[in-house]
Amino acid sequence: MSPPRQAQPPSFSAPEFRAALGMFATGVTIVTARTAEGQLIGLTANSFNSVSLAPPLVLWSLSRAAASMAVFSGGSHYAINVLANDQKALAERFAMKGADRWTGVTFDLGAGGAPLLHGAAATFECFNRSRYEEGDHVIFVGEVERCAHRHGASPLLFHGGRYFTEHPL
Ligand SMILES: Cc1cc2nc3c(=O)[nH]c(=O)nc-3n(C[C@H](O)[C@H](O)[C@H](O)COP(=O)(O)O)c2cc1C
């Protein structure tokens, strides 16, 4: 018998898929960019992951429905800000449609003008190296030009739709 050429249709509902994915605890990031006109862009994303050490590559994925898609697809740089455990309010704000996301937010401008948020546990300044359209998301692979971290910072964690902080075993 020849091996199947395509997957079987899913045997589970969308809520079951979401609930299973939610068992994978992640950190929380805000991915930021600045347009040529100076407009600040940012959204909360937990799809961040490492890809390669040499060259230094990371990935994250963006919904095709995201308002920020055009900016991230067309721009040369973005920054991935890994949030600390006292930045939950920022995570919520940068996930909310229609919110004034940048009011009161302090940052420096990194590579390509991408905002580096003050207080982040770590920052990765990325060249927008490649993009892969898959399903309802686009996977972005970034080449890290600069990174920094706050030694000893406690990360913000996300699991099952709720925020946590670390609890060493
Ligand atoms: C914890 C958390 C993680 C999220 N991760 C992602 C993600 O990885 N990719 C994504 O496209 N949206 C993600 N979202 C949803 C976006 O933050 C949200 O849809 C946002 O409004 C998109 O902004 P935009 O439409 O201005 O681009 C996440 C939301 C939360 C609360």
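These legends accompany several views of a predicted protein model.

**View 1**
Let us start with the overall picture. Along its principal axes, the C-alpha trace spans about 60 × 40 × 40 Å. The radius of gyration is 17 Å, which agrees with the value near 15 Å that a compact globule of 169 residues would have. Contacts between residues 24 or more positions apart make up 62% of those with a separation of 6 or more.

**View 2. The surface of the protein and its charges.**
The accessible surface comes to about 10500 Å², and carbon and sulfur atoms hold 57% of that area. Of the 169 residues, 35% count as buried.

**View 3. The largest nonpolar core, a set of 22 residues.**
In soluble globular proteins, nonpolar side chains tend to be buried together. Here, the members that touch the most others are Val31, Trp60, Leu62, Phe72, Tyr78, Ile80 and Phe140. Two or more residues of this core come from each of strands E2 (29-34), E3 (40-45), E5 (57-63), E6 (77-82), E9 (122-134) and E10 (137-149), and helix H2 (69-74) does likewise. A second, separate core has 10 residues, among them Ile30, Leu83, Ala91 and Trp102.

**View 4. Leu62 and the residues it touches.**
Zooming in on one core member, we come to Leu62. Leaving out residues up to four places away in sequence, Leu62 touches Leu43, Ser68, Met69, Phe72, Asp136, His137, Val138 and Phe140. Two of these partners, Phe72 and Phe140, are also listed with Leu62 among the core residues that touch the most other members.

**View 5. Thr123, a buried residue in strand E9.**
Thr123 has a relative accessible area of 11%, so it counts as buried, the cut-off being under 20%. Beyond its neighbours within four places in sequence, Thr123 is in contact with Ile80, Asn81, Leu116, Arg146, Cys147 and Ala148. Ile80 is also one of the residues named for touching the most other members of the largest nonpolar core.

**View 6. Gly135, in the loop between E9 and E10.**
Is Gly135 buried or exposed? Gly135 has a relative accessible area of 58%, so it counts as exposed, for which the cut-off is over 50%. Ser63 is 72 residues away from Gly135 along the chain, yet the C-alpha atoms of the two are separated by 9.2 Å.

Conventions
Residues numbered from 1 in each chain as written. Predicted model: local features only at pLDDT ≥ 70, side-chain atom pairs only at ≥ 80, totals over all residues. Heavy atoms only, no water. Rg over C-alpha atoms; globule rule 2.2 N^0.38 Å. Buried < 20%, exposed > 50% of the residue type's maximum accessible area, 1.4 Å probe, protein only. Contact = heavy atoms within 4.5 Å. Areas by Shrake-Rupley, 256 points an atom, 1.4 Å probe, with all protein chains shown as cover. Lys, Arg positive; Asp, Glu negative; His and termini not counted. Charge placed at Lys NZ, Arg CZ, Asp CG, Glu CD. Core = buried A, V, L, I, M, F, W, Y, C linked by side-chain atoms within 4.5 Å. Helix = DSSP H or I, 4+ residues; strand = E, 2+ residues; numbered from the N terminus.
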